Amino acid sequence: MRTGGGMWGEGAVAGLGPGVGRDTYSFSFDSDDAAVETAEEAKEPAEADITELCRDMFSKMATYLTGELTATSEDYKLLENMNKLTSLKYLEMKDIAINISRNLKDLNQKYAGLQPYLDQINVIEEQVAALEQAAYKLDAYSKKLEAKYKKLEKR
């Protein structure tokens, strides 16, 4: 007669530890080649094993949750720093805009102060253009007069 036995499954089921969730079995062969099989129900692990497994699970869960909370906290710190930098950048831009506005007002005041002189320049430019036209007319008249004089001189 040959006999054997063992546990169903390779390792611990779902990481619960040795012997948890497995059925034991045994078999024997008679000389008649008929197999007789007997099965035993799985035994509950010892109280100490369950306590140790629970402690291990809670420890790992605490580590996981601590990591998640730390990551979230770091994300919020990063957002806070980014908000501070953005706020500083906007303050700088506000100062630049104020300076530009102030400089524009100064330029407008200076332009207003120069406006009478610019008006005088425009008047002088118009007078120069009129004088230039008069000079062209005078030149044309003097050429005609010269031509008449030469004509009379030849006679």
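**View 1. D139 and K143 sit one turn apart.** D139 and K143 are 4 residues apart in helix α1, so about one helical turn separates them. Helices here are DSSP runs (H or I, at least four residues), numbered from the N terminus. The two side chains meet in a salt bridge, 3.6 Å from N to O; the term means a side-chain nitrogen of Lys or Arg within 4 Å of a carboxyl oxygen of Asp or Glu. D139 is partly exposed at 38% relative accessible area, while K143 counts as exposed at 51% (buried is under 20%, exposed over 50%, partly exposed in between; 1.4 Å probe, protein chains only).

This is a predicted model, where local features need pLDDT of at least 70, side-chain atom pairs count only at pLDDT 80 or more, and totals for chains, interfaces and linings use all residues. Residues are numbered from 1 along each chain as its sequence is written, and side-chain values use heavy atoms, leaving out hydrogens and water.

**View 2. K84 pairs with E80.** Their closest N and O atoms are 3.6 Å apart in a salt bridge. Both residues lie in helix α1, 4 residues apart. K84 is partly exposed at 47% relative accessibility, and E80 is partly exposed too, at 43%.

**View 3. E146 reaches K150.** Here the salt bridge has its closest N and O atoms 3.5 Å apart, again with a spacing of 4 residues in α1. E146 comes out partly exposed at 42%, and K150 partly exposed at 45%. A search of the whole structure turns up 6 salt bridges.

Terms used
Helix = DSSP H or I, 4+ residues; strand = E, 2+ residues; numbered from the N terminus.
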